[in-house]
Amino acid sequence: MYTSSANVAERRLAPPSLAISTVIFALRSDGPSGRKALWLPLVRRIREPYKGLWALPGGPLVHDESLQDAAARNLRDTTGLAPEYLEQLYAFGGLHRSPTQRVVSIVYWALVQPTEAALADESENVRWFHADRLDELAFDHNAIVDYALWRLRNKMAYSSIAYHLLGEFFTLAQVREVYEAVLDCRLDPANFRRQLKATPEIEATGEYLQGGKHRPPRLYRFTGAPGLGPDNRSTP
């Protein structure tokens with residue numbers, strides 16, 4: 001087990017360290033079935049503590065950066081991603097999050113469209129994982145991911161958050177795929193379609209999705225203001 005060279009008294013007197021971590025959600029195909037599921041990129045730790053375990057992208061907060069800028073920089077440096085939507089999620093400051101020192105993490109979450117997710121860097125130490133099938137992660141990052149999933153699933157019921165996981169134009173079936181992936185359940189296509197078409201912010205376009213074997217479906221767009229809600233605005 002990894003232990004710090006600092007003794008207990010030294011660790012108690014040392015000020016807490018501030019860090020930034022980010023949970024990035026994207027829709028990707030879930031194996032041969034082709035069904036969409038929520039995935040997120042993780043970074044393998046290359047030093048102690050928890051060397052070899054996977055962790056959320058992140059790093060220490062430096063003096064001349066805002067929280068939002070630090071989250072964006074860490075994402076860019078580790079995954080190559082620059083999500084259009086980056087929102088503060090929560091602060092995690094448990095007493096025993098790290099075996100070496102007290103660490104308080106300001107956690108952000110990002111929702112990326114498929115075209116954005118396809119641009120993410122992948123390597124031996126950066127890889128995408130199914131959000132609901134994670135093994136043990138470093139620190140308390142399993143609990144952080146669970147909390148982010150819980151928040152996301154709750155917000156699906158009353159906000160327009162789903163549209164951050166879609167492109168500008170989409171089919172009604174693609175919206176249903178988002179809801180099914182996030183909520184991890186099957187929805188009745190006919191009922192879901194009726195509900196969407198009754199939503200004022202869903203606007204039909206004159207365009208159709210091309211390339212399929214059957215009659216091309218109509219493309220729609222969201223005309224409202226996508227967001228996580230006024231209770232979760234970013235903090236500089």
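Trainee: Which side chains meet in a salt bridge at 2.6 Å, N to O?

Mentor: Good place to start! A salt bridge here is a side-chain nitrogen of Lys or Arg within 4 Å of a carboxyl oxygen of Asp or Glu. In this structure, E203 and R221 make that 2.6 Å pair. E203 sits in strand β9 (residues 202–208) and R221 in strand β10 (residues 218–222), so the pair links parts of the chain 18 residues apart. Helices (H or I, at least four residues) and strands (E, at least two) are DSSP runs, numbered from the N terminus.

Trainee: What should I keep in mind about the model itself?

Mentor: This is a predicted model, where local features need pLDDT of at least 70, side-chain atom pairs count only at pLDDT 80 or more, and totals for chains, interfaces and linings use all residues. Residues are numbered from 1 along each chain as its sequence is written, and side-chain values use heavy atoms, with hydrogens and water left out.

Trainee: Are E203 and R221 buried or partly exposed?

Mentor: Buried means under 20% relative accessible area, exposed over 50%, and partly exposed in between (1.4 Å probe, protein chains only). E203, at 33% relative accessibility, is partly exposed, and R221, at 35%, is partly exposed too. Across the protein chain, buried residues make up 42% of the 236 residues.

Trainee: How many salt bridges are there by this rule?

Mentor: The count is eight. One of them joins E122 to R28 at 3.7 Å, N to O. E122 lies in the loop between α3 (114–117) and β7 (126–130), while R28 belongs to strand β1 (residues 17–29), so this pair ties together parts 94 residues apart in sequence. Another brings D132 and R153 to 2.8 Å, N to O. D132 is in the loop between β7 and α4 (141–155) and R153 is in helix α4, so parts 21 residues apart are tied together.

Trainee: Which residues form the positive surface patch?

Mentor: Patches take residues with over 30% relative accessible area and no salt bridge, joining like charges within 9 Å and nonpolar side chains (Val, Leu, Ile, Met, Phe, Trp, Tyr) within 5 Å. Lys and Arg count as positive and Asp and Glu as negative, while His and the chain ends are not counted. Each charge is placed at NZ of Lys, CZ of Arg, CG of Asp or CD of Glu. Here the positive patch consists of R193, K197, R215 and R218. R193 is in helix α6 (residues 189–197), and its 42% relative accessibility makes R193 partly exposed.

Conventions: Areas by Shrake-Rupley, 256 points an atom, 1.4 Å probe, with all protein chains shown as cover.
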